[in-house]
Amino acid sequence: MSLDTKSSSLIDYDIEEPEAKYPDVAINSKKRETTLYGIFHRILKKGNNSVIEVATNVARQATTNRLSSKTQAAIGNIFHDDGKQQNAFEKKSGPLLSGIAYCAASCSMILLNKAVLSGYSFDAGISLMLYQNFICVIIIVALWFLGAVSTEKITWKLIRVWIPVNLIFVGMLVTGMYSLKYINVAMVTILKNMTNILTAIGEKYLFRKSQSKKVWAALCLMIISAVCGGITDIAFDAVGYTWQILNCILTASYSLMLRRVMDTAKQSTRSGSLNEISMVLLNNSLSIPFAVLLIVLFNEWEYVYHAEVIKIPMFWFVATTSGFLGLGISFTSLWFLHQTGPTTYSLVGSLNKIPISIAGILLFKVPVSVPNLCSILFGLFAGIFFAKAKMS
């Protein structure tokens with residue numbers, strides 16, 4: 001057996017035994033085998049004078065390998081740090097961006113509806129509601145077709161359960177449209193606080209849910225602000241206030257009815273659940289035949305057919321944008337709620353009424369007296385106090 005063979009056998013023995021016990025070191029063992037065999041082979045081939053040269057080459061190669069490993073580790077750390085920084089940025093910016101999107105969609109929706117109904121003197125709130133709901137259905141169906149959203153399949157069993165909720169939903173939208181036509185945005189915002197009072201009373205008698213003293217105190221402040229706001233309102237309109245009172249009753253009824261039938265509605269689906277996108281699709285699609293029926297009964301179609309405003313391209317742009325924003329509120333509210341939580345969502349919703357009221361007064365040049373302005377501000381802060389009371 002030659003020296004090369006002995007050396008090779010010895011190296012093989014030393015390497016194979018650790019591999020058998022520790023399979024994880026197999027790759028490094030093969031590298032050591034190659035390196036040691038190369039050293040012995042070159043020494044025996046060139047003689048003793050090449051020992052220094054071989055050792056130098058081996059040291060240079062080892063240094064290069066160490067530098068390469070350090071370089072790879074440094075690059076890996078850079079990418080790891082970038083990933084951490086990106087995740088930290090997303091965590092910090094997520095709530096802010098979602099909150100801005102939710103507030104912007106909510107404010108813009110109310111202001112655009114006011115512009116369509118009052119600015120363009122469009123006296124067909126049901127037709128506007130029909131157009132907006134139709135846009136929402138088209139968008140959701142398109143997103144579902146593209147796989148961007150998931151919705152429950154609408155069955156007759158689910159429709160039968162949901163029809164009472166949808167009737168109240170349609171009434172809520174229609175009364176909201178007409179109240180916004182006759183009352184300024186700030187007063188609509190303050191009067192909507194009355195919905196919280198009716199909802200709290202309904203929860204007490206229907207679901208035996210009691211409220212804290214702070215909540216009832218906040219509700220009393222809302223009543224005071226609404227009464228004072230109505231008394232001091234220079235542009236008081238009895239028709240508009242009647243529509244708004246009906247809207248508060250229907251909005252509270254919608255909330256209570258939704259809570260009552262939700263469990264039954266979930267049982268009517270295949271998955272046993274009903275997400276918000278499915279509810280939006282269900283409400284908007286079922287509202288279309290009811291809206292068409294109301295348009296025929298109130299002869300609104302004739303007004304729309306002869307209205308000059310429908311010939312204005314800007315009118316259609318504003319009406320269409322409001323339809324997009326109606327769906328945008330649903331998506332942004334889901335996004336904001338996911339990024340923050342119910343507490344922050346409720347508080348921001350109350351704070352959002354402040355810029356809506358100010359924008360409504362300034363954009364539509366609403367004549368406001370000092371007492372009325374104080375009543376509006378008092379009502380806004382009563383809403384904030386109510387949100388904080390609900391959190392405690």
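A residue is called buried when its relative accessible area is under 20%, exposed when that area is over 50%, and partly exposed in between, with a 1.4 Å probe and protein chains only. The structure is a predicted model, in which local features need pLDDT of at least 70 and side-chain atom pairs count only at pLDDT 80 or more, while totals for chains, interfaces and linings use all residues. Residues are numbered from 1 along each chain as its sequence is written, and side-chain values use heavy atoms, with hydrogens and water left out.

Two salt bridges (a side-chain nitrogen of Lys or Arg within 4 Å of a carboxyl oxygen of Asp or Glu) were found in a search of the whole structure. One of them joins Arg259 to Glu203, with 3.6 Å between the closest N and O atoms. Arg259 belongs to helix α9 (residues 238-267) and Glu203 to helix α7 (residues 194-206), so this pair ties together parts that are 56 residues apart in sequence. Helices here are DSSP runs (H or I, at least four residues), numbered from the N terminus. Arg259 is partly exposed, at 41% relative accessible area, whereas Glu203 is buried, at 11%. A salt bridge also links Lys311 and Glu308, whose closest N and O atoms are 3.5 Å apart. Lys311 is exposed, with a relative accessible area of 60%, and Glu308 is exposed at 55%.

In soluble globular proteins, nonpolar side chains tend to be buried together. A nonpolar core is defined as a set of buried Ala, Val, Leu, Ile, Met, Phe, Trp, Tyr and Cys residues joined through side-chain atoms within 4.5 Å. The largest such core has 34 residues, and Phe122, Ile126, Leu128, Met129 and Ile376 have the most contacts inside it. Elements that each supply at least two residues of this core include α3 (51-119), α4 (125-146) and α15 (370-391). Helix α6 gives the most, with six residues. Leu128 is in contact (heavy atoms within 4.5 Å) with Asn113, Val116, Leu117, Phe122, Met177 and Ala319, leaving aside residues up to four places away in sequence. A second, separate core has 17 residues, among them Leu158, Leu258, Ala265 and Leu282.

Helices α7 and α9 are the elements that give two or more residues to the patch. Leu198, placed in helix α7, is partly exposed at 34% relative accessibility.
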